[in-house]
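Q: I have a structure open and want to talk it through. Can we start with the aromatic residues?

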Amino acid sequence: MSNDQENTKAQVNAEIQAPVEPVQETEAPATELAEQEPTVEELQAKLAEAEQKAQENWDKAVRTVAEMDNLRKRTQRDLESAHKFALENFAKALLPVLDSLVLGLQAATGDSPEVQKFREGSELTLKQFEAAFDKFHIEAIDPLGQPFNAEQHQAMMVQEIEGAAPNSVVNVFQKGYSLNGRLLRPAMVVVAKAPQKPETMPPIIDEQA
């Protein structure tokens with residue numbers, strides 16, 4: 001073995017056998033650790049803030065649910081109303097036709113075969129009208145003998161009728177009609193009024209007595 005090789009081997013053995021010095025870890029000062037740890041007051045403040053945000057989110061969720069429920073109910077009411085009163089304009093347009101048919105039937109007097117046929121046809125048409133109206137909840141308002149109701153009746157005149165109760169309907173010029181409880185047109189009526197009391201003359205005083 002050469003001298004260079006022996007010197008290199010001796011150097012390697014010396015490095016391996018040399019003691020390894022421990023690495024000293026640097027410890028953070030106690031003051032820095034204390035500054036990094038949150039205090040109890042800070043934790044309580046953060047907890048209160050988190051609880052407040054949770055309550056606000058809960059209130060928003062409750063309001064949203066309530067608004068959605070109200071929207072659903074309102075939409076349901078609108079749909080029901082549209083379904084109930086979809087025929088309102090059409091029903092109003094049919095009423096004059098029905099009135100003309102009734103007037104024609106009332107004017108058809110006589111015993112001729114032609115008049116009888118006309119009356120039979122008109123009466124059959126009226127029954128068909130009544131059946132169709134009943135199917136779609138269109139009700140006639142015929143208040144003869146009933147108390148006057150300003151919400152459903154229109155007073156054409158007021159008369160003093162013997163034996164009739166005051167404020168009662170004594171004659172119906174034209175029937176009224178309603179659709180699912182909503183007034184289509186009022187009944188045109190004559191209303192009875194209370195009889196006037198006769199004026200009493202004051203007693204005559206005899207000044208010469």
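Q: F133 and Y177: buried or exposed?
A: Both F133 and Y177 are buried. Keep in mind that this is a predicted model.

Q: What kind of aromatic pair do F133 and Y177 form?
A: An edge-to-face one. The ring centres are 5.8 Å apart, with 85° between the planes.

Q: Why does the pair tie together separate parts?
A: F133 sits in helix α5 and Y177 in strand β4, so the pair joins parts that are 44 residues apart in sequence.

Q: How many aromatic pairs does the structure hold?
A: There are 2. F129 and F133 also make an edge-to-face pair, 5.8 Å centre to centre, with 80° between the planes.

Q: Where are F129 and F133?
A: Both are in helix α5, which covers residues 113-135. They are 4 residues apart, about one turn of the helix.

Q: Why is F129 called buried?
A: Because its relative accessible area is 16%, and buried means under 20%. F133 has 6%, so F133 is buried as well.

Q: Which residues end up in the ring cluster?
A: F129, F133 and Y177, linked by ring pairs.

Q: New topic, the sheet. What is the strand order?
A: β1-β4-β5, in an open sheet of 3 strands with antiparallel pairing. β1 (138-141) and β5 are the edge strands, each pairing on one side only. On average, neighbouring strands are turned by 35° against each other, direction ignored.

Q: Which helix packs on the sheet?
A: Helix α4, residues 88-107. Helix α4 touches β1, β4 and β5, and its direction makes about 40° with that of β5.

Q: How many bridges join β4 to β5?
A: There are 3, and the two strands run antiparallel. As for facing residues, L179 stands opposite R182 in β5.

Q: Where is S178 found?
A: In strand β4, residues 176-179.

Q: Why does S178 count as buried?
A: Because its relative accessibility is 9%. The cut-off for buried is under 20%.

Q: What is S178 in contact with, leaving aside neighbours within four places in sequence?
A: H137, I138, E139, I141, L183 and L184.

Q: And G181, where is its place?
A: In the loop between β4 and β5, with β5 covering 182-185.

Q: Is G181 buried or exposed?
A: Exposed, because its relative accessibility is 72%.

Q: How far apart are G181 and F85 in space?
A: 10.0 Å, C-alpha to C-alpha. In sequence, G181 and F85 are 96 residues apart.

Q: Zooming out, how many helices and strands does the chain have?
A: It has 5 helices and 6 strands. Along the sequence the pattern reads α-α-α-α-α-β-β-β-β-β-β.

Q: How much of the chain counts as buried?
A: 15% of the 209 residues. The chain exposes about 17,500 Å², and carbon and sulfur atoms supply 54% of that.

Q: What share of the contacts comes from residues 24 or more positions apart?
A: 64% of the contacts in the chain with a separation of 6 or more.

Q: Last one, confidence. What pLDDT does the chain average?
A: The average is 82, and 77% of the residues score at least 70.

Q: Which elements have the lowest and the highest mean pLDDT?
A: Helix α2, residues 30-36, has the lowest at 56. Strand β6, residues 187-192, has the highest at 96.

Definitions and conventions:
Residues numbered from 1 in each chain as written. Predicted model: local features only at pLDDT ≥ 70, side-chain atom pairs only at ≥ 80, totals over all residues. Heavy atoms only, no water. Buried < 20%, exposed > 50% of the residue type's maximum accessible area, 1.4 Å probe, protein only. Contact = heavy atoms within 4.5 Å. Pairing = 2+ DSSP bridges. Axes fitted to C-alpha atoms, helices over the stretch in contact; angles between N-to-C directions. pLDDT = per-residue confidence, 0-100. Phe/Tyr/Trp six-rings, centres within 6.5 Å; stacked < 30°, edge-to-face > 60°. Areas by Shrake-Rupley, 256 points an atom, 1.4 Å probe, with all protein chains shown as cover.
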